[in-house]
Amino acid sequence: MAEKFNRATFSKSFLRHITRIKAPDEMLAEASEQGLEKTLGVWDLIILGVGAIIGSGIFAVVGIAAAGSADGSSLGAGPALMVSMVIAAIACIFSALCYSEFATMIPVAGGAYTYTFATLGEFAAWMVGWVLMLEYAIGFIAVACAWSNHFVQFLAGFDKVLPAWLAHPPVWLTNDVFSVGKLLAENPDIYVPRILGVPVCINLPAIIMVLLTTAILVKGTKDSTKMASVMVVIKMAVIALFILGGAFFVTPANWTPFAPNGMSGIWSAAFLIFFAYIGFDALATAAEECKNPQKDLPIGIIGSLLITTIVYVLVALVLTGMQKTSGPVPLDFLKAPMAYCMTMTGKSWAVYASYFISIGSLAGLTSVLLVLEMAATRILYAMSRDHFISKRFQKLHSKFKTPALLTWTVGILAVLGILTLNLDVAAELCNYGTFTSFIIVCVAVLILRHTDPDRPRPFKVPFSPVVPSLGILCCGGLMIYKSLQAGSSALLFPVWLGIGAVIYLLYGFIKNRNNENRIHKELVHGSEIEQEVIE
């Protein structure tokens, strides 16, 4: 019977409440009673995984990882970029194996949030859910803005065909206020409308894309997977075009020196490329929608990682063979490396190929948007089920069987974020959210192996506790590496955690205890009625 709740105090009762775990059997029972529709098979998962991972990383970040950043703050690996990619993949695989064990053992919505609740308790679960909003919700906003930037660049390539207003739209309609501020500092003559002296900026392509993605997700995960499949086919075809076409223009001399900045450059590039792999963990949040999660989820998670690693290494091999990366490189190479390399061949067919590569980058970012928003809504759905947010968000669409209200809420909040957030800082904060969730899942595997060793595990992390420990060390090391670099995000992450803790104490904790009071009263009332009947 639930205890009566009085008020939040730092007592033994308070500490027992915040460390209260939710049994996996209870989670499975709730999912069975009011769960999401099971529509995903193994190929759907692989497509979602590849769709989430292969995005802006391979189309943009790879250039910086190879040659270093323009301001010199990040060293490039040069041709040794392929080594950096393998290092980043290995770091991800340790965490991926831990995700696979949990996803098959507790196949319900929520991912790392759910696994934390089963091992570390209520408060830790809330904090992980709060941190995951950095990775998924804010990441969703950042990728939407990246999609907008690529779309504007794509339109500019047709300036001789399209009207001038469309080929080169006004900057205040395609940028956030912070980006426009930087542009105004460089060119004060740029026209930007103002209200009471405040610039009015609306990133219209990003907002439209967010609303379109939200509408697709409301129709169902299966339909979203179909669209993601189309996007994955397009971007994989484009990447294949670059690898096969670019191979004819590779100059082996460009691979020398192999590691111009030594191990420093390799580790620096591994840190950057690590974020080109982010997305596989989103599959765990869709576990409740899998037809056969015990078998399909490990294949989907690990399979998508292996496929993307092979693709990344091949791209790095051709890219660094086409462009020498041991010295200064053009700025266009850093922004869009594959398209730039194809354009610089001088061949007319290669120039047309660069247009297709731009289309591929848009397709890649679109599939990432779909998976990130889906992951954000599934985590919030699980948190609603646990009384951390309003139970209204648990209501499923009568036709599509998706959390429609929650999905639209995430979409509208993303639009507000596009209008108000400093996306440079927000994107850096996403990194910390990712590292934290990976570390927590590795820790959770070790805890549950100790507290519930007899629970059936359709998939078990091999060589435990070595593999989870290596995952903790790899992710923790990269997190520390980032924290030691200058930047406001290292200071803002603890602030984000503090805000989350305050919200839990003032809202989540009290809401959960009130729910326990309700259950307590219902049980007491039921017992009294039973007693009266007996008498």
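Asp-296 touches Gly-41, Val-42 and Leu-45, leaving aside residues up to four places away in sequence; a contact here means heavy atoms within 4.5 Å. Asp-296 lies in helix α14. At a relative accessible area of 9%, Asp-296 is buried. Buried means under 20% relative accessible area, exposed means over 50%, and partly exposed is in between (1.4 Å probe, protein chains only).

This is a predicted model: local features need pLDDT of at least 70, side-chain atom pairs count only at pLDDT 80 or more, and totals for chains, interfaces and linings use all residues. Residues are numbered from 1 along each chain as its sequence is written, and side-chain values use heavy atoms, with hydrogens and water left out.

**The chain as a whole**

- The protein chain has 21 helices and two strands. Both are DSSP runs numbered from the N terminus: helices are H or I with at least four residues, strands are E with at least two.
- The chain has 535 residues, and 53% of them count as buried.
- Take the contacts in the chain with a separation of 6 or more: 81% of these join residues 24 or more positions apart.
- The accessible surface comes to about 23100 Å². Carbon and sulfur atoms account for 68% of that surface. Accessible areas come from the Shrake-Rupley method with a 1.4 Å probe; for residues, only the protein chains shown count as cover.

**Helix α7 against helix α10**

- Two packed helices are described by the angle between their axes and the distance between the axes.
- Helix α7 covers residues 122-156 and helix α10 covers residues 204-218. Their axes come within 8 Å and cross at roughly 125°. Axes are lines fitted to C-alpha atoms, for helices over the stretch in contact, and angles run from 0 to 180 degrees between N-to-C directions.
- α7 and α10 are therefore oblique to each other. Angles under 35 degrees count as roughly parallel, over 145 as roughly antiparallel, 65 to 115 as roughly perpendicular, and the rest as oblique.
- The crossing of α7 and α10 is right-handed.
- On the α7 side, the contact is made by Phe-140, Ala-144, Cys-145, Trp-147, Ser-148 and Phe-151. On the α10 side, Pro-205, Ala-206, Met-209, Val-210 and Thr-213 take part.
- By class, the residues of this α7 and α10 contact are nine nonpolar, two polar and no charged. Ala, Val, Leu, Ile, Met, Phe, Trp, Tyr, Cys and Pro count as nonpolar, Asp, Glu, Lys and Arg as charged, and the others, Gly among them, as polar.

**Helix α7 against helix α18**

- The axes of α7 and α18 come within 9 Å and cross at roughly 65°.
- This crossing of α7 and α18 is right-handed.
- Phe-140, Ile-141, Ala-144 and Cys-145 of α7 meet Ala-414, Gly-417 and Ile-418 of α18.
- The α7 and α18 contact has six nonpolar residues, one polar and no charged.

- Met-322 is in helix α14, residues 293-322. Its relative accessible area is 14%, so Met-322 is buried.
- The C-alpha atoms of Met-322 and Val-250 are separated by 4.7 Å. Along the chain, these two residues are 72 residues apart.
- Beyond residues up to four places away in sequence, Met-322 touches Phe-242, Gly-246, Phe-249, Val-250, Asn-254, Cys-341, Met-342 and Thr-345.
- Thr-325 lies in the loop between α14 and α15 (331-335). Thr-325 counts as buried, at 4% relative accessibility.
- Thr-325 touches Ala-66, Ala-67, Gly-78, Pro-79, Thr-320 and Phe-333, again not counting residues up to four places away.

**Backbone exceptions in loops**

- Most residues other than glycine have a negative phi, and most peptide bonds are trans.
- A cis peptide bond joins Thr-256 and Pro-257, with omega about -5°. Pro-257 is in the loop between α11 (221-246) and α12 (262-274).
- Another cis peptide bond joins Ser-464 and Pro-465, with omega about 10°. Pro-465 is in the loop between α19 (423-451) and α20 (466-483).
- Phe-463 is also in the loop between α19 and α20. Phe-463 is not a glycine, yet its phi is positive, about 55°. With a relative accessible area of 69%, Phe-463 is exposed.
- His-387 is in the loop between α17 (348-385) and α18 (404-420). Phi of His-387 is positive, near 70°. His-387 counts as partly exposed, at 26% relative accessibility.

How values were computed
Left-handed = near helix turned anticlockwise from the far one by under 90°.
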